[in-house]
Amino acid sequence: MKIGLNTLLFTAGFDREHLPLLGQVKRWGFDGIEIARFAFDGFPAREIGQAAKDEGLGVTFCSALTGGTSLISDDAAVRGQALDFLKQGIDTAREIGSDVFLGPFCAPVGFLPGRRPNEDEWRWAVEGLKAAAAHAEAAGVRIANEPLNRFETYFVNTAARARELCDAVGSPAHGILFDTFHANIEERSFAQALRACGPHLAHVHACENDRGAPGSGHVGWAETFAALKEMDYQGWVVIESFGARIPEIAAAACIWRDLAESPEALAQEGLRFIRNA
Ligand code: LER
Ligand code: MN
């Protein structure tokens, strides 16, 4: 199990100006950095990937569908734009040196139409993800698609539903990102949810029930780590929290108070807890 830190704790759009963070993350003792971006044009992925490598850090690459970008829109042109976005994200992941491209990739975060998903939307998700997975497979990248809690999406909320999606997509290049924050809201058991992912488990976000440092709240960590061990999970466990003082991040993740003494303290406390878990 390798432990990483997601850059959304510090910035909404990691770029050259944030490179000094890499040395700090390495000194704290992380194995890797998870770079988050929501736009890819002009992003110096190779340069940033090389800088992380020079620091001795592994890299994972995170994004999300946002705004009007949807793989399950009833407008074929919008679905096409979402697929192009995913393909560009996969290419950027390859350039930065990440073998995973992760995030919620069906409907835009926060889109809640006030009804259940319908059969057309499921068909469009499978169709779009099959095309994205074919692109990912050729690039040597695996998509880790994230179920979100019901307040952030109506589409895929649970590991069991994400597993159904994997079965329908049927590609080894399409897997599941399991986030303990969302699981704490939606799942009856962390261990059973992880087992439901099975071989499709591609990535893990470690996030406390209030989005704070892992170990500071009531997520079922012992159960989670025991299940990961039982599954012989060898992938990344990445601490994901959000910069409470960065307006666009606070607004997107609904963070209305500080979750730790400082972002730096959150990162270090979380890492200490996971290493000792
Ligand atoms: C969103 O709630 C989340 O957990 C992130 O991983 C999305 O980028
Ligand atoms: Mn997450």
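The following legends describe close-up views of a predicted model.

**View 1. The manganese ion (ligand 2) and its donor residues.** The manganese ion (ligand 2) is coordinated by E146 (OE), D179 (OD), H205 (ND1) and E240 (OE), at 2.1 to 2.3 Å. The site has 6 donor atoms, with angles of 70 to 170° among them, and is octahedral. Along the sequence, the donor residues follow the spacing E-x32-D-x25-H-x34-E. E146 lies in the loop between β5 (142-145) and α5 (159-169), whereas H205 belongs to strand β7, so this pair ties together parts that are 59 residues apart in sequence. A residue is called buried when its relative accessible area is under 20%. E146 therefore counts as buried at 9%, and H205 counts as buried at 0%.

**View 2. The surroundings of ligand 1.** The residues around ligand 1 are S63, P104, E146, L148, E152, D179, H182, H205, R211 and E240.

View 3. Most residues other than glycine have a negative phi. R211, however, has a positive phi, near 75°. This residue is found in the loop between β7 and α8, and at 5% relative accessibility it is buried. C254 also has a positive phi, near 55°, and lies in the loop between α9 (247-253) and α10.

**View 4. S63 and its contacts.** S63 is placed in the loop between β3 (58-62) and α3 (76-96). With a relative accessibility of 2%, S63 counts as buried. A polar atom of its side chain lies 2.7 Å from the backbone oxygen of R37. Beyond its neighbours within four places in sequence, S63 is in contact with R37, F38, F40, F85, F101, L102, G103, P104 and F105. S63 is also one of the residues surrounding ligand 1.

View 5. At the start of α3, a side-chain oxygen of D75 reaches to within 2.8 Å of the backbone nitrogen of A77. The helix has 21 residues, which at 1.5 Å a residue should span 30 Å; the end C-alpha atoms are 30 Å apart, in agreement with this value. Its buried residues are V78, R79, A82, L83, F85, L86, G89, I90, T92, A93 and I96. These buried residues pack against β2 (32-36), α2 (45-55), β3, β4 (100-103), α4 (119-139) and β5. After the helix comes G97, with a positive phi near 95°.

**View 6. Helix α10 and the elements that cover it.** Helix α10 (residues 263-276) has 14 residues, and at 1.5 Å a residue it should span 20 Å; its end C-alpha atoms are 20 Å apart, which agrees. The buried residues of this helix are A265, L266, A267, G270, L271 and I274. Among the elements covering them are β1 (2-6), α1 (20-28), β7 (201-206), α8 (221-230) and β8 (236-239).

Notes: Residues numbered from 1 in each chain as written. Chains lettered and ligands numbered in written order. Predicted model: local features only at pLDDT ≥ 70, side-chain atom pairs only at ≥ 80, totals over all residues. Heavy atoms only, no water. Helix = DSSP H or I, 4+ residues; strand = E, 2+ residues; numbered from the N terminus. Expected span 1.5 Å × (residues − 1). Buried < 20%, exposed > 50% of the residue type's maximum accessible area, 1.4 Å probe, protein only. Contact = heavy atoms within 4.5 Å. Donors = N, O, S within 2.8 Å, 3.2 Å for Na, K, Ca; no water. Tetrahedral: all angles 85-135°; square planar, octahedral: opposite > 155°, others 65-115°. Near = heavy atom within 4 Å. Polar contact = N/O pair within 3.5 Å; in protein donor to acceptor, adjacent residues only side chain to side chain.
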